[in-house]
Amino acid sequence: MANPNLGLILKQLFSRPYTNRFPVKYAPASMHATMDAVTSGKAQITPPVPAPEHYRGKIAYDREACIGCKMCIKVCPASAIEHIPGPDGKAKGSKVKFYMSRCTFCEMCVEACPKDCIKMTGEFLMADADKNSDALIVKDSGSFAAPAQPAAQQPAPPTA
Ligand code: SF4
Ligand code: SF4
């Protein structure tokens with residue numbers, strides 16, 4: 001009896017792969033040598049496909065806006081957030097930092113934050129040999145505040 005999936009199998013055999021060939025078109029014999037070649041400009045990295053909207057990637061943290069309330073720490077199921085006391089160990093001025101090697105990307109902290117100072121970004125390239133490397137600890141991603149709108153252009157005064 002003919003395989004009912006034969007048509008689909010044949011179609012897939014001759015269709016283009018949908019896989020994003022990232023970071024390079026074919027698996028290299030040595031990734032280190034490939035990265036050296038990229039660094040020296042002898043090879044190029046295939047760009048990754050853009051992350052879809054609402055993708056939950058690396059956390060961004062607006063440290064300036066943070067009030068140190070610890071709500072994010074309370075809801076984090078992965079103990080991925082550490083409290084940093086304020087000056088002289090006081091609660092005032094306290095902040096937090098995020099350990100991406102522990103994060104499960106659940107977005108609970110984003111939901112809980114009363115100051116909207118945490119967000120998930122589209123960044124997903126987080127492979128690292130050291131789970132405590134600076135790249136995997138988020139301490140301050142800058143302000144999320146929208147840039148001030150330029151003042152409305154005033155009409156030029158009538159000339160005499
Ligand atoms: S996304 Fe989830 S696991 Fe990651 S820091 Fe926030 S609450 Fe914790
Ligand atoms: S919930 Fe928001 S404001 Fe409160 S400590 Fe966490 S990041 Fe800061």
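**Notebook: a predicted model**

I began at glycine 41, which follows helix H2 and has a positive phi, near 85 degrees. I note at the outset that the structure I am reading is a predicted model.

I then asked how many of the nine residues of H2 are buried. The count is zero, and I recorded the helix, residues 31–39, as hardly covered.

**Entry on the domains**

I looked up how the chain is divided and found domain 1 at 8–48 and domain 2 at 50–143. For the distance between the two C-alpha centres I noted 32 Å.

**Entry on the sheet**

I traced three strands that form an open sheet in the order E2-E3-E5, with antiparallel pairing. E2 and E5 stand at the edges and have a single partner strand each, so one side of each is left without a neighbour in the sheet.

I went through the pairings in turn. E2, residues 81–84, pairs with E3 through four bridges in the antiparallel sense. Within this pairing I looked up isoleucine 81, whose bridge partner in E3 is phenylalanine 98. I also looked up glutamate 82, and its bridge partner in E3 is lysine 97.

On the other pairing, I found that E3 and E5 run antiparallel and are joined by two bridges. E5 covers residues 137–138. Here the bridge partner of tyrosine 99 is isoleucine 137.

I next asked which residues of E3 lie on its covered face and which on its uncovered one. Val96 and Phe98 make up the covered face of this strand, residues 95–99. Lys95, Lys97 and Tyr99 make up the uncovered face. I set beside this the general rule that side chains in a regular strand alternate between the two faces of the sheet.

Returning to the bridges with the faces in mind, I see that Phe98, the partner of isoleucine 81, belongs to the covered face. Lys97, the partner of glutamate 82, belongs to the uncovered face. Tyr99, the partner of isoleucine 137, is also on the uncovered face.

**Entry on the ligands**

I turned to ligand 1 and found 14 residues around it. The closest are Cys76, Cys103, Cys106, Met108 and Cys109.

Definitions and conventions: Residues numbered from 1 in each chain as written. Chains lettered and ligands numbered in written order. Predicted model: local features only at pLDDT ≥ 70, side-chain atom pairs only at ≥ 80, totals over all residues. Buried ≥ 20, exposed ≤ 12 C-beta atoms within 10 Å, placed from the backbone. Pairing = 2+ DSSP bridges. Domains from an automatic or database assignment. Near = placed C-beta within 6 Å.
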